[in-house]
Amino acid sequence: MRALVALVLAVALGGTVHAQQRVTVAAASDLAYCLEEMNTEFRRQHPEIEVVVSAGSSGMFFNQIRQGAPFDLYLSADIDFPRRLVAEGDAIDGSLTLYALGRIVLWTNRADLPLDAGIEVLRSPLIRYIALANPEHAPYGKAGKAALEHKKVWDEVKAKVVFGQNILQTMQFVDTGNADIGVTALSLAMAPAMQERGRYVLLPDAWHPPLEQALVLTRYGSTNPAAQTYLRFLQSVPARKIFEKYGFVVPVRQQ
């Protein structure tokens, strides 16, 4: 639990003047482990730039940025949110980039649950609680609910569902025993620490709408050269390899 909580890094939201060589990033919580490794590589290349990450729900960050929260970059688990920021003038049009396609899994740390049964395991009487990110504002929760509806299990198990504010909190519910199994992000399940703590089964992409994940430079970040440097890094080959390491499908960029 402490390892998970430590990944959620708070961002001080005061002031309107950029600190020198500092980038503030609002990131979907499925990126928590991935960005930890990503930023280690970025610091190796750019030791003069500090990156401060806040991980949480894409929908909640969308609302905060619209209200003027001082984030330089926004990495969303749903491309619709950054598109809307661009349309409303809160982000820079030319910076909008599809950086990855996310995937969902069932994850548990209970050895007695038959994951080989796939989604049918959710019908097991051994399961009391199923963790799911809130589909009202968390893209992975929306995708997870869609997958359960597609396989006709949602109505049967919805009374067992406990909602996390984001996909990282959803993972925490399972990790701490407050839920028996969770519908979570492959990127979290593939983190070395979580592979040691539990096991997962992948849910087919065809069961839910695509998790198109996009980043954008905000209006606030448009005057910060360090933010633009970080954006270019996220589009680089080393960054692509890290995204792929955590299970993301990375689209080929058009030249």
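Is Arg-44 buried or exposed? Arg-44 counts as exposed, because its relative accessibility is 59%, where exposed stands for over 50% relative accessible area, buried for under 20%, and partly exposed for what lies in between (1.4 Å probe, protein chains only). The points below start from the whole chain and come back to this residue.

1. **Basis of the model.** This is a predicted model, in which local features need pLDDT of at least 70 and side-chain atom pairs count only at pLDDT 80 or more, while totals for chains, interfaces and linings use all residues. Residues are numbered from 1 along each chain as its sequence is written, and side-chain values use heavy atoms, with hydrogens and water left out.

2. **The chain as a whole.** The chain holds 11 helices and 10 strands, these being DSSP runs numbered from the N terminus (helices H or I with at least four residues, strands E with at least two). Its radius of gyration is 18 Å, close to the 18 Å that the globule rule gives for 255 residues, so the chain is as compact as a globular protein of that length; the radius is taken over C-alpha atoms, and the rule is 2.2 Å times the number of residues to the power 0.38. Along the principal axes, the C-alpha atoms fill a box of roughly 55 × 40 × 35 Å.

3. Of the 255 residues in the chain, 52% are buried. Among contacts with a separation of 6 or more, 78% are made by residues 24 or more positions apart, a contact being heavy atoms within 4.5 Å.

4. **Helix 2 against helix 10.** Two packed helices are described by the angle between their axes and the distance between the axes. Helix 2 (residues 32–45) and helix 10 (residues 225–234) pack at an angle of about 115°, with their axes 11 Å apart; the axes are lines fitted to C-alpha atoms, for helices over the stretch in contact, and angles run from 0 to 180 degrees between N-to-C directions. On the helix 2 side, Leu-35, Met-38, Asn-39, Glu-41, Phe-42 and Gln-45 take part, and they meet Thr-229, Tyr-230, Phe-233 and Leu-234 in helix 10. By class, this contact has 6 nonpolar, 3 polar and 1 charged residues, with Ala, Val, Leu, Ile, Met, Phe, Trp, Tyr, Cys and Pro counted as nonpolar, Asp, Glu, Lys and Arg as charged, and the others, Gly among them, as polar.

5. **What covers helix 10.** Helix 10 is mostly covered, since 7 of its 10 residues are buried, namely Ala-226, Ala-227, Thr-229, Tyr-230, Leu-231, Phe-233 and Leu-234. The cover over these buried residues includes helix 2, helix 11 and strand 1 (22–28), together with strand 2 (50–56), strand 3 (73–76) and strand 10 (211–217).

6. Side chains of opposite charge can pair when their charged atoms come close. A search of the whole structure finds 15 salt bridges, each a side-chain nitrogen of Lys or Arg within 4 Å of a carboxyl oxygen of Asp or Glu. One of them joins the side chains of Arg-44 and Glu-41 (2.7 Å, N to O), and both residues lie in helix 2, 3 residues apart, about one turn of the helix. Glu-41 is buried, with a relative accessible area of 19%, whereas Arg-44 is exposed at 59%. In helix 11 (residues 237–245), Arg-240 and Glu-244 lie 4 residues apart, again about one turn of the helix, and their side chains meet in a salt bridge (3.2 Å, N to O). Arg-240 counts as partly exposed at 26% relative accessibility, and Glu-244 as partly exposed at 37%.

7. Asp-180 is buried, with a relative accessible area of 2%, and a network of salt bridges links Arg-110, Asp-112, Arg-128 and Asp-180.

8. Ile-104, in strand 5, counts as buried at 0% relative accessibility, and the residues it touches include Tyr-140, Val-183, Leu-202 and His-208. Asn-166, in the loop between strand 7 (161–164) and helix 7, counts as buried at 13% relative accessibility; not counting residues up to four places away in sequence, Asn-166 touches Ser-29, Gly-56, Ser-57 and Ala-133.
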